[in-house]
Amino acid sequence: MQLAPSRHQSTETMNELRALNARFIHNFVTNDVASHDAILHPAFINIWPTGQRWDRATYLKYWATAFDPDVIVYWDVRDELITVIGDVALVRSTNKATRRRDGNEVTGMTTYTDTYLFENGAWKCIQAQITAVAPEHYPADDTIVSVYIKGELQRRAA
C-alpha cells in the first residue's frame, strides 16, 4: 500500500510539529496548564501505561502539579520520530527520567505517541499514549533532543 502525498509533508510542518513536541514537554516540566490546554483538541484523551484512560479535564487537573523538580531531578526527550499521514501526525519520543525519593534515585524510560489532528488550520493533540520501555530497548544518548535538570532546560552544545 502506498500512501497518498500529504499537503503537510514539508519542512515547515515538521518544524511546527517538533516545536509542538517541545512545547508539550516544556508545559509538563513547568506545569503550564494554560499553554497545554491551548494545544489539546476538545476530544483529547490520555492513555497511561496501565491502560487507564483519562479525559481532558482529568488530565489537565493532573498536569497542574505532575512535575516536581525536587522529585524528577533529570528529564530528557530522545529518539524523536514524527510521521504525517494526511491530516494526522504521530509525534513519538522517549523520555528518560530520574526520580529521587527518600534519598534513593530510580531511572527509567517511557515512550509516548501524541496523535495530532490538523483541523481549522492548526494541529491539536487528540490523544497521548505512554508506554514503559524495557532497558534493552532504551534509545541511545546520541538521540537526545532536550534535557531538563531539576526543571531547568539545559543549553545544548551546537
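Please note that the model is a predicted one.

I begin with the sheet. Eight strands form an open, mixed sheet, and their order is S2-S1-S6-S5-S4-S3-S7-S8. The edges are held by strand S2, residues 53-55, and strand S8, residues 152-153; each has a single partner strand, so one side of each is left without a neighbour in the sheet.

S3 and S4 run antiparallel and are joined by 11 bridges. Within that pairing, Ile85 has Val88 in S4 as its bridge partner. S3 is also joined to S7, again in antiparallel fashion, through five bridges. Here Arg78 has Ile144 of S7 as its bridge partner. From S7 we pass to S8: the two run antiparallel and share two bridges, and Tyr148 stands opposite Leu153 in S8. S7 and S8 make a hairpin with two residues between them, and in the turn Lys150 has a positive phi of about 50 degrees.

I turn next to helix H1. H1 comprises 19 residues and spans 27 Å from its first C-alpha to its last, close to the 27 Å expected at 1.5 Å a residue. H1 lies across S3, S4, S5, S6 and S7, and runs at about 150 degrees to S3. Just after the helix, Asn31 adopts a positive phi of about 55 degrees.

Which residues of H1 are buried? They are Thr13, Met14, Leu17, Leu20, Asn21, Phe24, Ile25, Asn27, Phe28 and Val29. As a general point, an α-helix has 3.6 residues a turn, so residues three or four places apart point the same way.

This brings me to the largest nonpolar core, which has 32 residues. Those touching the most other members are Leu17, Phe24, Phe28, Trp75 and Tyr116. At least two residues of this core come from each of H1, S1, H3, S3, S4, S5 and S6. Which element gives the most to this core? That is H1, with seven residues.

Leaving aside neighbours within four places in sequence, Phe24 is in contact with His36, Ile39, Tyr59, Trp63, Asp114, Tyr116, Cys125 and Ala128.

Definitions and conventions: Residues are numbered from 1 along each chain as its sequence is written. This is a predicted model: local features need pLDDT of at least 70, side-chain atom pairs count only at pLDDT 80 or more; totals for chains, interfaces and linings use all residues. Side-chain values use heavy atoms; hydrogens and water are left out. A nonpolar core is a set of buried Ala, Val, Leu, Ile, Met, Phe, Trp, Tyr and Cys residues joined through side-chain atoms within 4.5 Å. Buried means under 20% relative accessible area, exposed over 50%, partly exposed in between (1.4 Å probe, protein chains only). Helices (H or I, at least four residues) and strands (E, at least two) are DSSP runs, numbered from the N terminus. Contact means heavy atoms within 4.5 Å. Two strands pair if DSSP finds at least two bridges between them. Axes are lines fitted to C-alpha atoms, for helices over the stretch in contact, and angles run from 0 to 180 degrees between N-to-C directions. The expected span of a helix is 1.5 Å times one less than its number of residues.
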